[in-house]
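Here is a short briefing on a structure. Read it with the model open beside you.

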Amino acid sequence: MRALFGSLLAAAFTLVADAASAHPHVWITATSELLYAEDGSVTGVRHAWTFDDMFSAYAVQGLEAKTKGAYTREELGPLAQTNVESLKEYAYFTFAKADGKKERFQEPIDYFLDYKDTVLTLHFTLPLKDPVKPRQLVLEVFDRSFFIDFQMAKNNPVKLVGAPSACQMKLDRPSDGTATAQKLNEQTFTDGPNANFGMMFANKITVDCP
Amino acid sequence: MKPHRPPLGRGLLACAAALLVIGVTDAALHDLLAQNPFGAPKLAPAAEPEASSLVGWLLAKQSEFYRQMSSTIRAAKSDGSAVWTLLFISFAYGIFHAAGPGHGKAVIASYLVANRETARRGIALSFASALMQSLVAILIVGISAWILNATARTMCKAEGAIEIASYGLIALFGLRLVWAKGLTFVRALQAAQPMPAVAGVAHHHHDHSHHHDAQDHHHDQAHAHRHPGHDHVHDEHRGHSHGPTPSELAGPGGWRRGIAAILTVGIRPCSGAILVLVFALAQGLVWAGIAATFLMGLGTAITVAAIAVLAVSAKGVAGRLSGAGDGGGALFMRGIEFGAAALVLLFGAGLLFGYIAAERTTCF
């Protein structure tokens, strides 16, 4: 019986290691702006995602440019289009909750790519389906499969644009486990085995407006 | 129908065992997640994430080596000696990365256990499949990026298609193993029953899976010239059944099976290798990229081979502990083989239907 248990464990470990040790192949340094309307409601999010140079080189592979090694916004237009279209499948890696209620986003607008210092930055705005005015807004940016590693920029990672002055913003970075421990309880056990694997790598932006 | 009941009961037991595996997997996964250095609550948030678990450590190492690759390739443009650093990093990355998904480690280990393969063959399979993975990555990038100058989008789509095909192949491969091992397991179950029950089943119910039952005397070519006293019927009457002999495994059919395993595992290149190749190409250092890819493959092969040897030895130990010579032990071993075959199938199906989100190709 002990042998049986041992083999079961070994088999289980093989599978587990397979599922759990995925590691990122794309690194994104993100800055996000939360957009507010005049009445103090949140209307959307504007992201600027800078890719690592390996992925940037991969992404521009095969693209035509007038000047070699320099790509204009126009030349990158079709790629930006592809980006935002493909991101839809991943819900733009952006998850919003207003007072605990999940909010949905519309298709991105005002999107473009720029290429500077051999890296690409994708800019796009995600308007909320319905603007909300919650006491607490939680915005998370992460890839649940952890193929992409999202890191909020070191300097000015989050900006509140036009927010009521009383609003307080807090950013939990993935390496700060406090937010994660709570999330693991909340959702990890209700979904598929590793549906929320990337959860612990989530960047969590919390805005409290009393 | 009474004689049928014991096998059914045992079948249910086997199902329960399979469920247990899934349960343990699930639980262990959450354990690992909870222990992950990036997720674990920490006293000093400012400190570097510490690798508190093996998986966490592997994860951190892989990322570290992987991230060093792009800067090393850049450096190699101006400084030729950086190529050696690149090769070392690629090799190290391969070793660590193979502990992760996408390298058929689980498939190869399960296949070896299911098929009673030797450790030596495990090593050969590991190296052959890793070599094929490297070649496929080089072919994809070579043809699409270098020759056709295709865009990343096209390349990524090709990669995605290969990925789906490889998952399908794993599932098919698993299905075939489950079929073959299931038959053997059912035979072992029947052999393990008390004699009268075996007789009852054999004489009155012509279940299609009873290839060796006493009435039929259906022998393979290989058994045709045996003396009557030495065939499988005799085994069953003694209460256990033998697997194929080593000479049967080493035959040409054995290698054909091995090639199926190599193709199944090797067809899917690692996304990392493709990114590195394209990056090297963009830097005008395509040969450095190719060399790096092969070294990644070599590193991968070493880890997969180690795991394969471990799996084969673990099974050997389990066999000795359970006393594979007697009926129960043989049944136990056939059960493990069937379980391993089922794992390959589950793994393939899981990947195919997105239940297991392994190293997925993200095109965007």
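Strand S7 of chain A pairs with strand S11 (residues 203-208) of chain A in the antiparallel sense, over six bridges. This is a predicted model: local features need pLDDT of at least 70, side-chain atom pairs count only at pLDDT 80 or more, and totals for chains, interfaces and linings use all residues. Residues are numbered from 1 along each chain as its sequence is written, while chains are lettered from A and ligands numbered from 1 in the order in which they are written.

- Strands here are DSSP runs of E with at least two residues, helices are runs of H or I with at least four, and both are numbered from the N terminus.
- Two strands pair if DSSP finds at least two bridges between them.
- S7(A) covers residues 136-141, and five of its six residues are buried. Buried means that 20 or more other C-beta atoms lie within 10 Å of the residue's own; exposed means 12 or fewer, partly exposed is in between, and C-beta atoms are placed from the backbone.
- Towards S11(A), A:Leu137 stands opposite A:Val207, and A:Val141 stands opposite A:Asn203.
- Strand S3 (residues 94-98) of chain A also runs antiparallel to S7(A), joined to it by five bridges. A:Ala98 has A:Leu137 as its bridge partner in S7(A).

**The sheet**

- These strands belong to an open sheet of five strands in chain A, ordered S4-S3-S7-S11-S10, with antiparallel pairing.
- Strand S4 (101-103) and strand S10 (168-172) of chain A are the edge strands, each pairing on one side only.
- Neighbouring strands of this sheet are turned by 20° against each other on average, direction ignored.
- Strands of a sheet pair through backbone hydrogen bonds, either parallel or antiparallel.

**Chain A overall**

- Chain A has four helices and 11 strands.
- Of its 210 residues, 44% count as buried.
- Among contacts in chain A with a separation of 6 or more, 71% are between residues 24 or more positions apart. A contact means C-beta atoms, placed from the backbone, within 7 Å.

**Helix H2(A) against chain B**

- Helix H2 (residues 53-60) of chain A is mostly covered, with seven of its eight residues buried. Among them are A:Phe55, A:Tyr58 and A:Val60.
- A:Gly62 follows H2(A) and has a positive phi, near 85°.
- The axes of H2(A) and helix H11 (residues 271-282) of chain B come within 8 Å and cross at roughly 75°. Axes are lines fitted to C-alpha atoms, for helices over the stretch in contact, and angles run from 0 to 180 degrees between N-to-C directions.
- H2(A) and H11(B) are therefore roughly perpendicular to each other. That term covers 65 to 115 degrees; under 35 is roughly parallel, over 145 roughly antiparallel, and the rest oblique.
- A:Met54, A:Phe55, A:Ala57 and A:Tyr58 in H2(A) meet B:Leu275, B:Val278, B:Phe279 and B:Ala282 in H11(B).
- By class, this contact of H2(A) with H11(B) has eight nonpolar, no polar and no charged residues. Ala, Val, Leu, Ile, Met, Phe, Trp, Tyr, Cys and Pro count as nonpolar, Asp, Glu, Lys and Arg as charged, and the others, Gly among them, as polar.

Terms used
Two residues are in contact if their C-beta atoms, placed from the backbone, lie within 7 Å.
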